[in-house]
Amino acid sequence: MKNKFYDVIVVGGGAAGIAAALAALCAFRAEKKPVRLAVLERNKEGGKKLAVTGNGRCNVTNTWALAAQYGSKEPLLAKDILAKITPAETLKFFEGLGLFCREEEEGRVYPFHGQAAVLRDLLVRRTEELGAEWHYGFAVKSVEQGAADGKSGGASGGPQNPEAAFRLVSETGDVLWAHKVILAPGGKAGIRTGSQGDGYRWLRTLGHTVVRPHPALVQLTQEDPYLGSLKGVRALGKVTLLRDGKEAGFSRGEIQFGQGVLSGICIFDLSRLVADTEDHTYEAVLDLVPDLSREELLNRLRKLTAAEEDLLSESVAAADLCTAVETLLSAFLPAKLAEALSKVASGRHKDPLTEAAGLLKEYKLTITGTKGWVEAQVTAGGIDLAEVKEDTLESRLVPGLYLAGELLDADGPCGGFNLQWAWTTGFLAGCAAADTEWGCLPAAGNLRGCEPCADEKKEEGLA
C-alpha cells in the first residue's frame, strides 16, 4: 500500500466521510472524469457509529434543522453553512440512492425500514459502486503537506507526481499520497465506535485553532442524597441549568432519573453547557409541573387538601410532614419520585402546601459533571469555523484540505440535527474537492450502475 497516489482521500468512514465520498464520486462521474478516491477507516467496517445511532433506528435528519440553535463559537457561520443544503435536499439525494424515509414527531426523520445498520450498509455499498476504494484498519498517524517530488519543501519520498500535495502516514507505517484530502474523522465522542480526537492533533500541526472539545448529548452527574437511589424513573418537566448561580440555559422534556445521574433528551440538550466544572459551579433547577404557574399549582393543592384539614395545618408534626407532602406530590409525580422528594421535608417546619409547591416547581440539585467521552454522543467544540470557507469547507490555511462533520466546532440538540450537520458539511466538502457545486450535482440515482467512462476504462486496462 505504500506510496499509492489518489486524487482524493477521505479520512473517516462515518456519516460525514460517506457523504463527502458520495458527493465527490457523483460529481466526477457526471463530468466523466476518471478519479481515484479512497476512504480511510480505522475500524474494520465503515459507518460504525452510524449503524447504532438513534437506538438502532437512525434519526437521519430533522426537518426543523435550519431553525435549531447549534452550539458553536461562531453560531452565525454554522447557520450559514447549514442553509446551503437543506434536509429536504438531503432526503432527495438519498432517495436517488434508494433510501426512503418518513417524518415522525418533532421533525424527526427515519428510514421506512427503521434499521440504522441497513442504512449504513446501503450508503457504503453505493460509494463502492461509484468507485470508492475503502482501506479498513487504516489508522492515520499524521497528515503532512507537501508535494511528493519534494519540490515544495514539504514531505518527500513518494511517487513522482507533482499533484500529490498531501502525505498520509498510518500507525503501521503505510504511506498514501493525495492531491486533495477531506478530513472527517469525527470528534472525541463515541470512543467505542472509533472516535479518538486525532483530527485535532493533525490540524494543530497544520496551524489550525481548536475550540476546546468537551462532551455533549450526555448524562449529567449529580450527588443529590434524595434522588440518588432512583433508577429508571421518568417525569416530564423543565430543567434550568445554572452556572455560578446564573441561568445558562433551559430545556423541556422527559427527565430520566438514574443512580447518580440525570438523563433524558432535555438533559442531553443542556449537557454541552457543562464544560469546566473545575472553575465553575453548576446546578439544575427542576420544574416538574412546567405547565402550571405557582399560583395555579397552589390552588390545585388546596383542592386536594379540602377534605383533609390536618394537611393544611401549619402546626403539623414534623414526623407527619413527609407523609403529608408525599400525599400531595403523588397527585403529580410517579410514586417513587414523590416518595424520594417527600423526604426532603424531614425535620422542616413548613406547611405541607408550601413544601410540596416548592419541591414541584423549584427543586435544585448540584451538578458535578458529565458521564464523559465514553457515554457522549457528540463533541462540542472543534476546529474554529472561521478557519474554513463556508461555501466549500476548504481550509483557509491549507489549500486542498477540506473539513467535515463533528471535527468542526458545531453541535446540535437531539433529534437528527447532528447527522444533518454531517451530511451538509460532507456534501459541501465532497463537491468542492471535485471542483463542482452542490446545485450542479446530478441526482445520485442517475449515476448508480453507470459504466466507467472511457478514460477510467483506459486507466483500469478495460479499454
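Which residues have the most contacts inside the largest nonpolar core? In this predicted model, they are Leu37, Leu183 and Trp423, and the core to which they belong has 90 residues. Helix H1, spanning residues 15-30, gives the largest share of this core, with 13 residues. Another core lies apart from it and has 43 residues, including Val239, Cys266, Leu321 and Leu341.

Leaving aside residues up to four places away in sequence, Trp423 touches Ala15, Ala19, Leu50, Val60, Thr90, Phe94 and Leu123. Across the chain, residues 24 or more positions apart account for 75% of the contacts that have a separation of 6 or more.

Turning to the chain as a whole, 12 helices and 18 strands are found. Of its 463 residues, 55% count as buried. The exposed surface comes to about 20200 Å², of which carbon and sulfur atoms supply 47%. As for confidence, pLDDT averages 89 over the chain, and 87% of the residues score at least 70. Two stretches call for more caution in reading. Over residues 149-157, pLDDT stays under 50, and the model has 23 contacts beyond four places in sequence for this stretch. Over residues 448-463, pLDDT likewise stays under 50, again with 23 contacts beyond four places in sequence.

Four of the five residues of S8 are buried, so the strand is mostly covered. Strand S7 (residues 140-145) pairs with S8 in the antiparallel sense over five bridges, and within this pairing Phe166 of S8 is the bridge partner of Gln145. S8 also pairs with strand S9 (residues 175-183), in the antiparallel sense and over four bridges. Here Val175 of S9 is the bridge partner of Val169. S8 and S9 form a hairpin with four residues between them, and Gly173 in the turn has a positive phi of about 100 degrees.

A further set of three strands forms an open sheet with antiparallel pairing, in the order S3-S5-S4. Strand S3 (61-62) and strand S4 (101-103) stand at the edges with a single partner strand each, so one side of each is left without a neighbour in the sheet. The pairing of S3 with strand S5 (residues 108-111) is antiparallel and runs over two bridges. In it, Arg108 of S5 is the bridge partner of Asn62.

The cysteines complete the picture. The count of disulfides comes to zero. Cys266 is in no disulfide, and the nearest cysteine sulfur, that of Cys414, is 9.5 Å away. Cys440 is in no disulfide either; the nearest cysteine sulfur is that of Cys431, 8.6 Å away. At 54% relative accessibility, Cys440 counts as exposed.

Conventions
Residues numbered from 1 in each chain as written. Predicted model: local features only at pLDDT ≥ 70, side-chain atom pairs only at ≥ 80, totals over all residues. Heavy atoms only, no water. pLDDT = per-residue confidence, 0-100. Contact = heavy atoms within 4.5 Å. Core = buried A, V, L, I, M, F, W, Y, C linked by side-chain atoms within 4.5 Å. Buried < 20%, exposed > 50% of the residue type's maximum accessible area, 1.4 Å probe, protein only. Areas by Shrake-Rupley, 256 points an atom, 1.4 Å probe, with all protein chains shown as cover. Disulfide = S-S within 2.5 Å. Pairing = 2+ DSSP bridges.
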